[in-house]
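Subject: Structure handover

Hello,

Please find the structure below. My notes on it follow.

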Amino acid sequence: MTDAVHDYFKAQKKDSIYFVAVGFVSLALAIFFLSKRNAYYNGMSYVLLVSGFIELISGMTVHARCDMDRISVSYFIRKDFELILEREIPRMQLLLKEHTIFLKAEIGGIALGLILWMLSNPMSLGKGIGLALIVQALILLVFDYLSLQRGATYLNFLQSLKPQS
């Protein structure tokens, strides 16, 4: 029974490492693009700086929490089932709602990026912002979609549990 819990948190932890790596790459690219001293590259660097910090902080936070959450939930299943109902299921329901909001925001980011990219002059600040926004929003969309799917499966598992006698 706790295998599903272990698998969920193991996958979350693995993805958080990828997310941190994407954050570092985004920050490195932002610094590189800033050194170009060109409006187009500056535009990309502004988006990469903001998204890189978000990816880095989010990934590190999830990574730091995964082991303790896995241990807690495994304990709840074996020893204190009421806490599954009181804490873990509501936490996952909230998390899934948040990821749904994130997906909508990322789709909006892609749309805004496309508009900026299409309407801006070549090699302009707006064109750079638009391109980086499209790429970063797509990356975040993939991560959040996978997390949402994994979370929904995990929530279904939690809701299917019955107290052990």
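**What was found**

Leu-29 is partly exposed, with a relative accessible area of 36%; here buried means under 20% relative accessible area, exposed over 50%, and partly exposed in between, using a 1.4 Å probe and protein chains only. This is a predicted model, in which local features need pLDDT of at least 70 and side-chain atom pairs count only at pLDDT 80 or more, while totals for chains, interfaces and linings use all residues. Residues are numbered from 1 along each chain as its sequence is written, and side-chain values use heavy atoms, with hydrogens and water left out.

Helices

Leu-29 lies in helix α1. Helices are DSSP runs of H or I with at least four residues, numbered from the N terminus. The C-alpha atoms of Leu-29 and Tyr-18 are separated by 16 Å, and the two residues are 11 apart along the chain. Helix α1 covers residues 2-35, which is 34 residues, and its first and last C-alpha atoms are 50 Å apart, close to the 50 Å expected at 1.5 Å a residue. The expected span of a helix is 1.5 Å times one less than its number of residues.

The 38 residues of α3 should span 56 Å at 1.5 Å a residue, and the 55 Å between its end C-alpha atoms agrees with that. Even so, α3 has a kink of about 30° at Glu-88, shortly before the proline Pro-90. The bend at a residue is the angle between axes fitted to the seven residues ending there and the seven starting there.

Loops

Two loop residues have a positive phi. Arg-37 lies in the loop between α1 and α2, and has a positive phi of about 50° although it is not a glycine. Arg-37 is exposed, with a relative accessible area of 76%. Met-123 lies in the loop between α3 and α4; its phi is also positive, about 55°, although Met-123 is not a glycine. At 43% relative accessibility, Met-123 counts as partly exposed.

Aromatic residues

How many aromatic pairs does a search of the whole structure find? The search finds eight. Rings of Phe, Tyr and Trp (its six-membered ring) pair if their centres lie within 6.5 Å; planes under 30 degrees apart count as stacked, over 60 as edge-to-face and the rest as tilted.

One of the pairs is Phe-9 with Tyr-154: the ring centres are 5.6 Å apart and the planes are at 75°, so the pair is edge-to-face. Phe-9 lies in helix α1 and Tyr-154 in helix α4 (residues 125-160), so the pair ties together parts that are 145 residues apart in sequence. Phe-9 is buried, with a relative accessible area of 4%, and Tyr-154 is buried at 3%.

Tyr-75 and Phe-76 have ring centres 6.5 Å apart and planes at 65°, so this pair is edge-to-face as well. Tyr-75 is partly exposed, with a relative accessible area of 43%, whereas Phe-76 is buried at 9%.

Phe-32, Phe-33, Tyr-40 and Tyr-41 form one aromatic cluster. Tyr-41 lies in helix α2 and counts as partly exposed at 24% relative accessibility. Tyr-41 touches Phe-33, Lys-36 and Met-123, not counting residues up to four places away in sequence; contact means heavy atoms within 4.5 Å.

The charged end of Lys-127 sits over the ring of Trp-117, 4.7 Å from its centre. A charge sits over a ring if NZ of Lys or CZ of Arg is within 6 Å of the ring centre and within 35 degrees of the ring normal.

Nonpolar cores

A nonpolar core is a set of buried Ala, Val, Leu, Ile, Met, Phe, Trp, Tyr and Cys residues joined through side-chain atoms within 4.5 Å. The largest one has 21 residues, of which Val-73, Ile-84, Tyr-154 and Leu-158 touch the most other members. The elements giving two or more residues to this core are α1, α2 (39-79), α3 (82-119) and α4. Helix α3 gives the most, with seven residues.

Ile-84 touches Val-73, Phe-76, Ile-77, Ile-89, Pro-90 and Leu-158, again leaving out residues up to four places away in sequence. A second, separate core has eight residues, including Tyr-40, Met-44, Val-47 and Ala-132.

Regards
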